[in-house]
Structures are given as C-alpha cells and as structure tokens.
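Please keep the sequence and the structure in view while reading.

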Amino acid sequence: MSRGTFIAPSDDEGVRRFEADRTDVDAEFNTSFTWNPTRNLPLKQQRKTLPAYKHRDELLYLLEKYQVVVLCGETGSGKSTQVPQYLLEAGHCSRGKMIAVTQPRRVAATSLAARVAEETGSRLGDVVGYSIRFDDSWTPGRTKIKFMTEGILVRELLADPLLQQYSAVMIDEVHERTLFTDILMGLMRKVSRKRPDLRLIISSATMDAEDLRKYFDLSKPSEPKQTAAILSVEGRTYPVRAYYLEEPAADYVKASVDTVLTIHRKLNTPGDILVFLTGVDEVDHAARLLDEEVERNVRENGRRSGEMELSIVKMYGSLPAKDQMKAFFRPPPNTRKVVLATNIAETSVTIPGIVHVVDCGFVKVRCFSADTQTDSLGIVSIPKSSAIQRAGRAGRMKPGNVYRLFPEQEFDKLEPTLPPEILRADLSPVILQLKALGITDVLRFPFPARPPAANMAAALELLYALEALDDNGELTEPLGACMAEFPVPDPRLAKMLLSSGDFGCSEEATAIAAVALVKSIFVGGGGGQRGLVARQAKRGFEAAEGDSLTALNAFLSFVKVGDSVNCNSDKNAAGEIRARRSRWCAQNFLDFKALSRALEIQSQLIKLLKRFRIPLVSAKGDAVRVRRCVAAGYFANAAILHHSGQYRTVRGGVELKIHPSSVLYDQKAKRIDKMAQCVVYTEVLHTSEVFMRDLTVVDVNWLLELAPHYYKRGYLF
Ligand code: CDP
Ligand code: MG
C-alpha cells in the first residue's frame with residue numbers, strides 16, 4: 001500500500017503532518033465507541049430523543065397561524081421522519097387528505113418511507129408509502145404520508161393543479177437546490193396563493209431561512225400580515241476533529257483507500273467509515289482497490305484471530321433500492337463497515353455508526369453549455385457548506401473524525417456554497433414541464449433564482465427543434481404534451497421513444513432508453529488480467545455503430561438467455577431464468593442487477609408507449625432504423641469528424657474527444673477515412689479534456705432531414 005503523505009495522527013510524524021481543526025473540541029475524544037445510544041430504546045422513545053421533538057408543539061402552532069413554515073435544522077435532527085408524523089398525529093389528514101413529502105433523491109424517498117412506516121408500526125405502502133419514477137408503493141384511500149421525488153409531485157400537478165388530495169406539502173432538503181427543487185418552490189408558491197388551507201413546510205439543512213421565508217411570504221403592503229414563518233431546530237452533534245493532508249492528493253481515489261486502511265490498521269480506532277467520492281466509477285474503483293488490498297493482506301499474512309474485518313458497502317443513486325439499504329445495516333460483530341458513497345450520503349440519508357469520514361474534497365456537478373447543447377458533468381472542489389455537512393456525518397453518535405484529502409489552506413479558499421442547479425443546468429426539461437402546466441410565459445415565472453437568459457433561449461430553441469413547441473411557443477399536440485408526460489429526465493430521450501413507432505423500432509428504442517436509465521451495465525475488470533478479460537467480453541457485444549447499439553446487443557442477449565427455459569411451473573421457470581441469467585452475466589462481465597432493472601424499466605416504457613398509442617414494433621436487426629431513431633432525439637448533440645482527425649460539435653465547433661469507455665475509442669488507431677464521420681452523444685464529461693460519451697454513429701444527412709430548422713447546411717460544411 002502506498003501511503004502518500006497521509007499518516008496516522010497517532011504516530012509522531014503524523015501529529016506534525018495533520019493539523020487538528022481550529023474548533024478542536026474533543027473532550028470525549030477517547031471514549032470508547034458505542035453504537036447509537038438510543039438504538040436499543042423502543043422506536044416510540046427514540047422519536048422523543050430527537051431534537052425536532054422539542055419543537056413539535058411550536059411547529060404545529062406555527063402551522064395554525066401561518067401558511068408556510070421554513071424549517072431549518074441539522075441533518076439528523078428529525079425533520080424528514082418526524083415532521084410528517086407530527087402533522088398526521090395533529091389531524092392534518094382528516095377527510096382523506098394526504099401529506100406529501102418531496103425528496104431530491106429516490107433513495108431518500110424510499111428509505112424514509114420505510115423508516116416512517118416502521119415508526120408508525122405499519123406496513124410500507126399502507127399508512128406510509130412512496131412514489132418514485134417507475135416504482136411506487138402506496139394505497140389510495142389508506143395512505144396518509146407519501147414520500148416522493150420532486151419530479152413526481154411536479155407530474156402530479158399536471159393532473160391535479162391545486163393538489164386537492166393533499167392537506168400539507170413538505171419540500172424537504174431545499175438546500176440541495178436541484179433543478180426540480182426550484183421549480184417546485186415556484187409552483188408551490190403559486191398553489192399556496194390559491195389554496196390558503198394548504199400548509200407548506202420548506203425544510204433545509206442550512207441557514208438560508210430568511211431568504212426562503214421572504215420568497216414564500218405572500219403579504220402585501222395592503223395586507224401586511226406575514227404568511228410565512230421560520231422555525232429553527234438545533235442539531236445534536238458531537239465535535240468532529242478535522243485532519244488535512246499536507247499536500248493535495250495526486251489521486252484522491254487511491255488516497256481515500258489508503259486513508260481507510262490507515263484508520264483500520266494503524267489507528268485502529270473503532271467506528272464505521274464513510275468515504276465521499278464523486279461518482280459511481282470512483283466508488284467501484286475504490287471498492288476494487290479495497291477488496292484487492294484485503295485479499296492481498298490475507299494471502300500474505302493469513303487471517304489473524306480477533307482481527308477486525310472490513311465490510312465494504314457501496315452507496316449511490318443508481319444502485320437498486322435493495323442494495324442501497326445495505327449501507328444502513330449494522331455490520332456483523334468484529335467487522336468495520338466502510339461505506340463508499342457519492343454525494344448522496346451528504347444530507348439525504350443518515351447512516352448509523354459512522355465515526356470517521358474521508359472526504360475527497362470534490363463533487364460532480366452538472367453545467368449546461370450552449371456550445372455542446374447539453375449538460376456536461378464536471379468534477380469541482382466542494383463548497384465549504386458541503387465540507388461541513390460531510391464532516392458532520394461523523395459526529396452523529398459520538399465525537400468523530402474527518403480526513404480531508406486536501407491541505408487546510410484549501411479549506412479556507414472554498415466557495416461558501418454552490419449556485420442552485422437552475423442557474424447552470426439544461427432548462428429544456430423545466431420549460432417543457434412548465435408549459436405542460438399551462439405556464440405560457442416561462443420568462444416571467446417566479447423562479448427563486450432567475451436562470452440565465454441564454455440558457456433559457458437555448459432550451460426554447462431545442463424544444464422547438466424537437467417539435468415539442470410550435471411557432472407560438474405553445475406545447476404541440478400530441479407530441480409536446482406526451483413528451484412532458486413521459487417520465488424520463490431528458491426531452492431528447494422522450495422524443496426518441498415517442499418517434500420509435502415511426503422508425504419501426506420501438507422495442508429497440510425502449511431497450512436503449514432503459515439501459516441508459518440504469519447507467520452502466522458493463523462491469524469493468526480494473527487493471528491486470530481481469531480487466532483484459534472484461535474488455536474482451538465486452539468486445540463480444542461490440543457494434544461498429546456505437547455504444548447504444550453495443551448496449552442493445554448486450555441487453556438482447558441477456559433477454560435471450562431466458563428464452564429456452566421450460567419448466568413445469570411458472571415459479572420454477574422464473575427462478576431458473578434468474579439463475580441462468582445471473583451465471584451468464586458473471587461469465588460475460590455484465591451487471592445482472594442493472595440488466596434486470598433495465599428489463600423492468602423497458603416493460604414500463606412499453607406500457608407508456610401503448611398508452612400513447614405508439615405501435616410496438618421490432619427493427620428485426622435493421623440497425624439503420626434504430627440509429628435514425630436515436631438521431632431523431634439527439635440530433636442537437638452531434639459531432640462531426642474534422643479533417644484534423646478531431647471531432648467537433650456541428651453547432652459551435654467545440655472540440656470533443658471520444659471517452660475511453662466508448663467502443664469507438666479504439667478507432668483512433670484506424671485511418672481517418674475509416675473513422676465515423678458523424679456521431680451523436682448523450683453525455684459530455686469535463687475532466688482534463690472534454691469527452692463525449694454514449695455515442696451512436698449517424699449519417700450527417702439525417703441531421704438535415706430530421707431537424708432542418710436546427711441545422712442549416714452552412715453549419716455542416
Ligand atoms: O431529516 P433530518 O436530517 O433532520 O433527520 P431524519 O432523517 O428525520 O432522521 C432523524 C433520525 O432518525 C436520525 O438521526 C437517525 O437516528 C434516525 N433514522 C434512522 O435510524 N434510520 C433512517 N432510515 C432514518 C432516520
Ligand atoms: Mg432529512
């Protein structure tokens with residue numbers, strides 16, 4: 001193991017290298033680790049130990065007097081789990097009304113619903129339920145508290161503009177300021193004007209309360225009575241000691257793995273470890289490095305009796321809900337849990353047992369670029385608010401430690417917060433939703449933060465090119481209306497699916513979309529021999545037409561594996577199909593769970609297409625039809641091969657490199673006349689260079705044909 005500059009604070013040199021945080025309060029620092037002290041109490045009593053409980057009556061009183069309450073409090077104080085229950089207990093759900101609680105992330109919606117159902121002593125889906133994209137568990141007429149993602153509530157507004165089913169709405173985790181948090185705030189402000197009986201709770205883990213209160217306050221000079229109030233709930237946190245690196249880490253994934261091992265082996269302080277990384281690739285990579293290191297250690301030193309083991313758990317948004325839950329389980333005796341997480345663990349979920357946090361110091365953010373006509377993902381330094389939040393995850397049960405993989409001087413230079421996503425994201429999904437909700441003048445919509453006019457214009461232009469909007473800027477019928485209703489995050493993807501009937505490839509298009517929605521289905525083997533075998537396995541599915549068709553090949557082969565199963569009962573057959581597919585995936589370096597989920601999503605998409613009367617047809621191996629259909633959705637994300645051998649966006653002329661994960665990456669070795677002349681991409685990634693990902697080879701002429709108003713000849717040649 002290479003130790004870099006990260007050395008345990010307990011050894012002499014380490015003490016010099018690490019510097020304790022200025023706040024350095026650690027009276028209890030040496031107390032032995034205990035599990036959540038309230039954990040053994042019955043749930044009813046646990047609830048009363050939460051900081052929110054002290055403010056229960058005050059909250060209910062404020063909700064009698066004010067329409068909107070802005071609720072601020074540290075993560076873990078009981079906002080998400082307790083407040084909906086207080087409302088239920090106080091009779092806010094009389095006459096069949098429900099309480100909606102929105103979450104920016106799917107895992108938060110499902111895990112909170114499970115927790116609150118348990119606390120109310122009911123089955124999940126009964127009194128307490130959830131609704132997320134392609135999955136829900138709630139019972140009309142019985143469910144009182146419904147957790148959901150923000151996007152779902154926006155969709156419910158389409159059918160029920162005044163949200164008559166609900167007596168209260170809690171917009172939770174407002175500090176995240178996702179695209180949909182901002183839209184939802186704007187919409188709820190409008191709804192609350194028309195429904196004075198509706199209570200609105202805006203909850204945030206940060207202290208920006210007064211701005212939020214002002215935004216929601218509907219008092220006018222003529223009617224000076226305020227309609228929004230603030231309630232602050234103090235946190236319950238223990239001191240967290242911060243350690244910094246002397247030099248920035250050259251490779252923070254490796255540095256985080258080294259730090260975990262240092263904590264585990266050298267410091268040997270008890271308690272679970274939470275590592276913050278920026279994305280799925282990094283989480284997978286770190287998990288592999290840790291596994292290898294653990295195996296190597298056992299091989300070289302044997303298993304020593306009494307030595308603590310490591311249990312490595314991954315936690316990220318696209319993981320199936322069941323796997324995400326593993327992070328919450330208590331590890332077996334004599335085992336230390338290491339949770340490798342993305343930003344999801346920063347505020348959305350509370351993972352019990354964490355005493356050490358390893359913070360890589362970075363976060364992946366979306367940023368819209370009018371040049372590439374798409375959001376690009378870039379990795380940037382975290383803002384100070386995130387660094388503090390991440391550290392706070394270590395001080396829930398007892399004093400903890402945070403290991404920041406950057407020098408202390410860098411901490412002082414961090415920006416206070418990240419700007420809201422609406423200021424830097426592709427606005428096309430937002431505008432589509434607002435138009436569908438009947439908001440024709442989107443420029444005058446009361447956004448909590450006004451998005452840049454250039455991004456607004458780019459989004460309107462794209463929606464027009466996609467034929468979702470007409471010359472007057474109105475939603476087209478039926479295409480635009482169906483696109484808005486389609487529960488996929490990108491209007492381009494919706495357009496691809498809705499045109500798939502015309503291109504005669506709806507089966508293939510739904511498969512490509514389903515795979516895109518589960519993110520990655522290929523399992524990389526890392527470096528060395530295993531990596532080589534994994535790459536060879538992927539080659540078996542490779543299509544010269546690009547990544548979408550490669551993924552389609554893998555998906556169709558996966559489905560076929562179950563075809564020949566013949567059993568005497570359906571139940572046996574289902575089990576046998578699962579077993580065969582799982583074995584086959586392991587042999588072919590494919591992710592069985594991701595593919596199974598993609599199959600489920602495909603069937604949901606097919607149901608939706610049926611509802612929109614799109615014929616279900618197969619291209620029967622005709623790749624041109626499929627590629628044309630992909631181009632019909634993604635024409636705006638097109639790059640053309642320049643005579644220098646580089647790709648450039650058709651509009652804007654921005655140079656884009658093919659991402660190394662693409663099947664077209666190797667074509668660099670080919671002669672330029674053998675390279676694809678034109679490709680469309682679904683994602684752009686900013687690292688040291690600008691990469692395009694998820695490519696499909698298309699014909700330049702199709703762009704002119706499919707989007708004549710968007711591409712004039714001049715752009716292409
Ligand atoms: O929303 P906020 O961050 O204020 O807290 P919460 O999610 O309501 O959680 C309150 C407490 O409930 C946490 O500190 C945990 O002790 C507990 N909890 C849990 O044990 N398991 C969950 N899935 C959620 C919460
Ligand atoms: Mg919460």
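Ala, Val, Leu, Ile, Met, Phe, Trp, Tyr, Cys and Pro are counted as nonpolar, Asp, Glu, Lys and Arg as charged, and the others, Gly among them, as polar. With these classes, the shell around ligand 1 divides into two nonpolar, seven polar and three charged residues.

This is a predicted model, in which local features need pLDDT of at least 70, side-chain atom pairs count only at pLDDT 80 or more, and totals for chains, interfaces and linings use all residues. Residues are numbered from 1 along each chain as its sequence is written, chains are lettered from A and ligands numbered from 1 in the order in which they are written, and side-chain values use heavy atoms, with hydrogens and water left out.

**The ligand site**

The residues surrounding ligand 1 (each with a heavy atom within 4 Å of it) are Leu50, Glu74, Thr75, Gly76, Ser77, Gly78, Lys79, Ser80, Thr81, Leu112, Arg115 and Thr350. Helix H4 (79–89) and helix H5 (106–119) each supply at least two residues of this shell, and H4 gives the most, with three; helices here are DSSP runs of H or I with at least four residues, and strands are runs of E with at least two, both numbered from the N terminus.

Polar contacts, meaning pairs of N or O atoms within 3.5 Å, include those in the table.

| Residue and its N or O atom | Distance to an oxygen atom of ligand 1 |
|---|---|
| Gly76, backbone | 2.6 Å |
| Lys79, side chain | 2.8 Å |
| Ser80, side chain | 2.6 Å |

The protein covers 88% of the 530 Å² of accessible area that ligand 1 has on its own, as computed by the Shrake-Rupley method with a 1.4 Å probe.

An automatic or database assignment divides the protein into domain 1 (51–233), domain 2 (237–421) and domain 3 (635–716). The C-alpha centres of domain 1 and domain 3 lie 44 Å apart.

**A strand residue**

Val339 lies in strand S12 (residues 335–341). Its relative accessibility is 0%, so Val339 counts as buried, a term that means under 20% relative accessible area, with exposed meaning over 50% and partly exposed in between. Val339 and Val313, although 26 residues apart in sequence, are 4.8 Å apart in space from C-alpha to C-alpha.

How values were computed. Polar contact = N/O pair within 3.5 Å; in protein donor to acceptor, adjacent residues only side chain to side chain. Buried < 20%, exposed > 50% of the residue type's maximum accessible area, 1.4 Å probe, protein only.
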